[in-house]
Amino acid sequence: MNKFPNISHIDPSSLDGFNHLGKFLKDTQFASGAIPSNPDGSHDPWDHLEAVMGLTTLGYNDEALKGINWMVANQNEDGSWYNLYQDKEPLELNKQSNYSSYIAVAVWHFYLLNNDIDFLQTYWEAVQKGILFSLTLQHSNGAIAWNVDENAKIDADYLLTGCSSIAKSLECAIAICQVLEHQQYESEWRVSHLKLITALENPSEIFDLKKDRSKFSMDWYYPILGGINSKQRIASLMMKIKDSFWIKGLGIKCVSDEPWVTVAETSECSIAYKKIGEDKIALELLHNALAIVDAKGIPYMGWQFHENIYWPEETPSWTSAACILAADANNQLTSAANLFIKKQFKS
């Protein structure tokens with residue numbers, strides 16, 4: 001029996017089952033190419049790019065390109081983006097390092113689906129600048145500072161989730177270098193990538209120095225999505241997920257001490273389980289995520305399971321995109337299905 005008031009009819013075994021989400025993302029997009037994710041119409045660059053990848057997966061290439069072009073048009077001279085935008089207007093002037101690097105993932109994802117080297121060449125400069133901004137913030141221990149404030153002061157803290165995302169971005173950027181034969185950048189970025197992966201595999205006294213973020217599920221599955229290799233570290237992370245975040249039959253909690261499963265976290269964690277070969281759990285989590293939808297089949301942000309309510313009653317664009325990417329990873333629907341499953345550059 002379905003636990004939720006709305007019954008989902010999404011079939012994740014084919015792209016056709018998600019076309020209504022493609023139309024939803026297309027209709028959400030502004031004329032500028034910006035894809036808002038908040039009820040007030042604002043968005044951050046990371047959420048925006050996640051939505052772009054949802055569009056690309058479903059073949060909405062024109063809309064995806066508009067989204068990538070928005071990134072190019074709004075990139076700062078130093079390679080960064082601001083923290084929050086209202087269409088083209090920056091609202092918060094701090095700059096997060098994982099926002100600047102994530103364009104590499106979206107550009108590589110588009111290339112995997114369309115196999116167009118001219119496309120990679122066109123967007124190389126934006127990728128290069130974004131990656132270089134992040135790497136200016138890399139500590140000698142491999143970790144990357146998470147934020148530069150509006151007065152250009154570096155916040156000397158290093159977020160485990162943010163750095164895991166940057167590791168994946170670097171991996172995709174290195175893959176782009178290999179296709180475009182940018183050997184100097186490839187060589188330099190491989191060194192930075194290895195240092196970052198080493199830090200993620202040995203995180204003690206490196207990350208989250210100012211604030212304990214361990215109650216957030218992202219800290220436990222994102223290093224796996226980011227590309228760590230240590231089997232011992234992966235096993236430890238997944239044990240924590242099972243013990244503290246997984247609510248059987250519902251999905252993955254965002255925060256360990258809150259009765260709230262969230263669709264994006266459940267979708268992303270599904271990909272992490274797929275990556276480590278736990279296909280059955282991965283598929284179960286995907287179906288959990290796709291059950292938390294509104295009457296039109298658009299995913300809500302989450303489900304509060306003590307009060308048995310959708311909460312909040314918002315349908316963020318990036319949440320739909322996370323579902324699309326998880327379905328692709330689980331069911332191998334496109335040529336980009338292994339984006340988060342396998343290492344993207346050649347050793």
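Mentor: A residue is called buried when its relative accessible area is under 20% and exposed when that area is over 50%, with partly exposed in between. Please keep in mind throughout that this is a predicted model.

Trainee: Is Ser42 buried or exposed?
Mentor: Ser42 is placed in strand 1, which covers residues 42–43. Its relative accessible area is 1%, and the limit for being buried is under 20%. Because 1% lies below that limit, Ser42 counts as buried.

Trainee: With which side chain does the side chain of Ser42 make a polar contact?
Mentor: Leaving aside the neighbours within four places in sequence, Ser42 is in contact with several residues, including Pro36, Leu84, Tyr85 and Leu91. The polar contact in question runs from side chain to side chain at 2.9 Å, and the partner of Ser42 in it is Asn38.

Trainee: What radius of gyration does the chain have, and how does it agree with a compact globule?
Mentor: Along its principal axes, the C-alpha trace of the chain spans about 55 × 45 × 40 Å. For 347 residues, a compact globule would have a radius of gyration near 20 Å, and the value for the chain agrees with this, being 19 Å.

Trainee: What share of the residues of the chain counts as buried?
Mentor: The chain is built with 13 helices and 11 strands, and it exposes about 14,400 Å², of which carbon and sulfur atoms supply 49%. Taking the 347 residues of the chain together, the share that counts as buried is 60%.

Trainee: Which residue stands opposite Lys95 in strand 5?
Mentor: An open sheet of three strands has the order 4-5-6, with antiparallel pairing, and its edge strands are strand 4 (95–96) and strand 6 (154–155), each of which pairs on one side only. Two bridges join strand 4 to strand 5, which covers residues 147–148. In strand 5, the residue that stands opposite Lys95 is Val148.

Trainee: Glu181 and Asp208 each have a positive phi; which of them counts as buried?
Mentor: Most residues other than glycine have a negative phi. Glu181, with phi near 60°, is found in the loop between helix 7 and helix 8, and because its relative accessibility is 62%, Glu181 counts as exposed. Asp208, with phi of about 50°, lies in the loop between helix 8 and helix 9 (218–226). At 14% relative accessibility, the residue that counts as buried is Asp208.

Note on methods. Residues are numbered from 1 along each chain as its sequence is written. This is a predicted model: local features need pLDDT of at least 70, side-chain atom pairs count only at pLDDT 80 or more; totals for chains, interfaces and linings use all residues. Side-chain values use heavy atoms; hydrogens and water are left out. Two strands pair if DSSP finds at least two bridges between them. Helices (H or I, at least four residues) and strands (E, at least two) are DSSP runs, numbered from the N terminus. Buried means under 20% relative accessible area, exposed over 50%, partly exposed in between (1.4 Å probe, protein chains only). A polar contact is a pair of N or O atoms within 3.5 Å; within protein, one must be able to donate a hydrogen and the other to accept it, and residues adjacent in sequence count only if both atoms are side-chain atoms. Contact means heavy atoms within 4.5 Å. The radius of gyration is taken over C-alpha atoms; the globule rule is 2.2 Å times the number of residues to the power 0.38. Accessible areas come from the Shrake-Rupley method with a 1.4 Å probe; for residues, only the protein chains shown count as cover.
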